[in-house]
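The sequence and the model are shown below.

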Amino acid sequence: MNYEERDPYGIYKANTSGGIGPDAGKGPGPALMGADTLIGNDVYSHKAEMLGEVKEIMLDMRTGRIAYAVLSFGGFIGLGDKLFAIPWEALTLDTMNKRFMLDVDKEQLERAPGFDKDTWPDMANPEWAEGIRAYYGRPMYTA
């Protein structure tokens with residue numbers, strides 16, 4: 001399911017017609033998006049490989065910024081999947097295909113630091129955050 005299908009408030013309604021019609025250009029999407037409409041969206045590599053889906057969006061409560069998207073990869077119907085914290089800046093929204101793009105391939109993701117649903121890391125730990133951001137080539141953001 002993509003963000004247009006998960007839009008109970010009509011945020012993206014004006015954009016479903018491809019910018020044609022009386023409602024074209026009205027509404028905040030895709031420049032501003034509802035967080036709950038993004039959860040469940042697919043994530044693909046630039047090689048068009050399905051990498052997984054967004055399971056959660058983690059907010060930095062000190063800065064008000066989105067810190068990470070939690071990506072689920074592998075497994076079958078939610079069993080045995082591995083979770084990855086992806087720096088928000090590493091994701092690009094592909095509005096044509098209504099999905100996220102991540103500039104890594106499956107092999108890179110398989111080698112990435114990950115975790116399972118029962119053992120989440122301390123994402124507020126600066127050393128952990130630096131390691132994750134270095135892996136994806138994204139510098140730490142400042143307030």
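## Order of elements

From the N terminus on, the elements run α-β-β-β-β-β-β-α-α. The model is a predicted one.

Of the 143 residues, 36% count as buried. The chain exposes about 8400 Å², and carbon and sulfur atoms supply 55% of that area. Among contacts between residues at least 6 apart in sequence, 48% join residues at least 24 apart.

## Nonpolar core

The largest nonpolar core has 31 residues, and those touching the most other members are Val43, Phe84, Ile86, Leu102, Leu109 and Tyr136. At least two residues of this core come from each of S2, S3, strand S4 (82–87), strand S6 (99–102) and H3. The largest share belongs to S3, with six residues.

Phenylalanine 84 gives a view of the surroundings of one such member. Leaving aside neighbours within four places in sequence, Phe84 is in contact with Ala69, Val70, Leu71 and Phe73, and also with Leu109, Ala112, Pro113, Gly114, Phe115 and Tyr136. Two of these partners, Leu109 and Tyr136, are themselves among the core residues that touch the most other members.

## Largest pocket

The largest pocket has a volume of about 320 Å³. Its lining is made up of 16 residues, and Asp60, Arg62, Met123, Ala124 and Tyr141 lie nearest the centre. The elements giving two or more residues to this lining are strand S2 (50–60), strand S3 (65–73) and helix H3 (126–135). By type, the lining residues divide into 11 nonpolar, two polar and three charged.

## Second largest pocket

About 200 Å³ of space lies in the second largest pocket. It is lined by 15 residues, of which Met33, Leu38, Ile66, Trp88 and Phe100 are the closest to its centre. Helix H1 (35–38), S2 and strand S5 (91–94) each supply at least two residues of the lining. S5 gives the most, with three residues. The lining of this pocket divides into 13 nonpolar residues, two polar and no charged.

## Phenylalanine 100

Phenylalanine 100, one of the residues closest to the centre of the second largest pocket, lies in strand S6. Is Phe100 buried or exposed? Its relative accessibility is 3%, and because the limit for burial is under 20%, Phe100 counts as buried.

Not counting residues up to four places away in sequence, Phe100 touches Leu38, Asn41, Asp42, Val43, Tyr44, Val54, Trp88, Leu91, Thr92 and Leu93. Among these, Leu38 and Trp88 are also listed as closest to the centre of the second largest pocket. Phe100 and asparagine 2 are 98 residues apart in sequence, and their C-alpha atoms are 9.8 Å apart in space.

## Residues with positive phi

Alanine 48 has a phi near 65°, a positive value in a residue other than glycine. Ala48 is found in the loop between strand S1 (42–45) and S2. With a relative accessible area of 53%, Ala48 is exposed, because the limit for that class is over 50%.

Lysine 98 is not a glycine either, yet has a positive phi of about 55°. Lys98 is placed in the loop between S5 and S6.

Notes. Residues numbered from 1 in each chain as written. Predicted model: local features only at pLDDT ≥ 70, side-chain atom pairs only at ≥ 80, totals over all residues. Heavy atoms only, no water. 1 Å grid on protein atoms, 1.4 Å probe; cavity = no way out; pocket = protein on both sides within 12 Å on 5 of 7 lines; lining within 4 Å. Points joined across faces, edges and corners; volume = space filled by probe spheres on them. Helix = DSSP H or I, 4+ residues; strand = E, 2+ residues; numbered from the N terminus. Nonpolar A, V, L, I, M, F, W, Y, C, P; charged D, E, K, R; others polar. Core = buried A, V, L, I, M, F, W, Y, C linked by side-chain atoms within 4.5 Å. Buried < 20%, exposed > 50% of the residue type's maximum accessible area, 1.4 Å probe, protein only. Contact = heavy atoms within 4.5 Å. Areas by Shrake-Rupley, 256 points an atom, 1.4 Å probe, with all protein chains shown as cover.
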